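Subject: Structure for you to look at

Hello,

Here is the structure I said I would pass on. My notes follow below it.

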Amino acid sequence: LCTAPPRRLPERRLRRRLPATVVKAEMTEAQEKEEILLEAVKVRAAEDLLLQRLESEISEMGQMGESGMAPDQVKIANVASKAVSKELDPNDAPAQFISLRLDVDAMPWWDTPKASLALRIAQLVGPQSEGDTKRKVAVLFPDGVERPTAELEEGVSVASYSTMMEDGGPGDEAVAAARGADVVFVFQPDLWSLEAVERLASLSGEDKTTSVIAIDADFPPAIPTEQLGVKVRAKSKQMFDGGIMRIGVVVEPLMIKGGVEDMDEIYYTEFDTAPPKGKGAGRIIELPKWLKDSGYRGSGNLAITGNSGTGKSSLNNAIRGLKPRDDDAAAVGVKETTMEPTGYEFPGLTNAGSRVQLKLWDLPGAGTPKFPLSNYIVGMGVRFFDLVVVVAAQRFTETDLQLMEELRNHGVHYFAVRSKIDLECRNGEHDTGATPEETMDVIRADIRKHSELSDDRIFLISSRFKDKYDYPRFLDSIQSELKRALDVKIARAMDRKTDIRVLYRSV
């Protein structure tokens with residue numbers, strides 16, 4: 001037996017072999033905070049790089065292009081049209097049948113329906129095709145589906161079809177539009193019978209050289225136990241001498257910040273890691289339904305929170321330029337008047353474009369019997385907000401500081417706001433003869449010490465005096481932070497991965 005002592009691993013290599021929990025246990029509290037801050041800086045830097053790379057595309061978000069679609073829609077259409085053009089044979093070749101599936105995650109700022117995306121793809125495959133091949137294109141939409149209003153390129157026609165499932169389909173208008181076309185796009189045809197496939201194939205013309213592309217067609221399942229599905233696909237091969245294929249355009253969902261939209265479909269959690277079900281489940285926080293239903297992904301979201309009586313609702317009204325008795329004003333009072341999360345439209349930020357909304361959320365205070373801090377982070381979904389404003393009328397309480405720590409740990413940007421500063425300045429002058437500037441310096445230093453925030457994220461304000469103290473700087477800061485958050489969301493939507501999946505000899 002070898003009696004030599006085991007070779008001692010260098011400390012750095014040893015730490016790599018230790019479980020993460022053991023390494024974390026060795027870290028001091030200060031080291032943990034430093035690690036969290038460094039990770040937040042890395043995330044912020046990565047977002048800045050993404051914004052720089054897509055700056056030109058983001059600047060177009062507020063403008064309607066010639067296609068009438070948002071730029072991220074146009075980007076998807078460009079990718080899909082190139083995939084289709086690559087697979088199409090020359091115009092005089094036997095007709096092909098292509099099933100084009102658009103598995104795209106529609107964004108809330110998309111003003112146009114999927115039919116517009118289909119038309120855009122057809123327009124790009126047709127006269128705007130690269131190279132010398134210019135195709136005449138007919139685009140057919142089902143009766144009852146509103147036709148897109150985009151201006152048609154030369155060589156593109158649009159018509160309606162009645163049905164593929166009944167005698168008389170697809171109808172005279174559809175047949176006339178398909179006559180003379182090189183490619184016919186059919187939007188959402190129902191192909192649950194052999195006769196429907198025959199009627200679809202009739203669009204390929206007498207010489208059988210017009211290719212047919214069915215966008216999001218409804219087929220019976222292609223499984224052994226479903227004989228109709230097998231027969232429909234066999235019939236498709238028989239009717240199109242140029243062959244059949246399926247092209248899938250799959251656009252990944254937009255990643256949300258710090259959690260998941262649906263616990264049954266975990267695809268993202270903080271810092272781009274996705275633990276499997278049952279492992280690390282305690283770290284996963286689901287997006288609250290009320291926040292998801294509000295259109296969270298397509299809006300900039302600012303939350304105001306704090307203990308009761310701190311002036312949260314008054315600040316809400318002041319930001320929106322309202323008085324307590326105005327319509328749509330938040331209720332104010334010395335008791336806790338905010339019992340449910342309430343969203344309001346946020347004014348004054350228009351440079352992000354009309355497609356994207358801004359929401360100001362008045363949240364119930366943390367640390368009350370109804371809203372204990374232990375489940376406040378989960379119940380209020382605070383880690384999903386783009387900016388959180390923690391308001392205090394006097395010194396920040398232990399609950400406020402714990403909430404700030406939770407926000408810091410989850411990489412959520414937040415401001416510390418000391419409200420009713422006019423009363424503090426008046427009391428300081430009365431009690432000690434201090435000037436307002438001296439009183440504010442003392443309060444700011446105390447907040448800086450306990451909140452670990454820099455001065456640019458600490459604000460001493462009064463909702464009654466919007467032109468005094470830190471209020472003007474506060475308003476500019478929240479608008480700047482929300483604009484950046486919106487740009488990041490749009491950039492992520494533009495940067496989503498698009499997969500093209502081609503399956504030959506099958507639809």
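This is a predicted model: local features need pLDDT of at least 70, side-chain atom pairs count only at pLDDT 80 or more; totals for chains, interfaces and linings use all residues.

Leu403 itself belongs to helix H13, which covers residues 398–409. Its relative accessible area is 3%, and because buried means under 20%, Leu403 counts as buried. Gly367 is 36 residues away from Leu403 along the chain, and 9.3 Å separates their C-alpha atoms.

The other two points concern backbone angles. Most residues other than glycine have a negative phi.

Lys208 has a positive phi, near 55°, and is not a glycine. Its place is the loop that runs between helix H8 (194–201) and strand S5 (211–215). With a relative accessible area of 34%, Lys208 is partly exposed.

Lys420 is also a residue other than glycine with a positive phi, in this case about 55°. This lysine sits in the loop between strand S11 (414–418) and helix H14 (421–432). Is Lys420 buried, exposed or partly exposed? Its relative accessibility is 34%, so Lys420 is partly exposed, since that class lies between the 20% limit for buried and the 50% limit for exposed.

That is what I have for now.

Regards

How values were computed
Residues are numbered from 1 along each chain as its sequence is written. Side-chain values use heavy atoms; hydrogens and water are left out. Helices (H or I, at least four residues) and strands (E, at least two) are DSSP runs, numbered from the N terminus. Buried means under 20% relative accessible area, exposed over 50%, partly exposed in between (1.4 Å probe, protein chains only).
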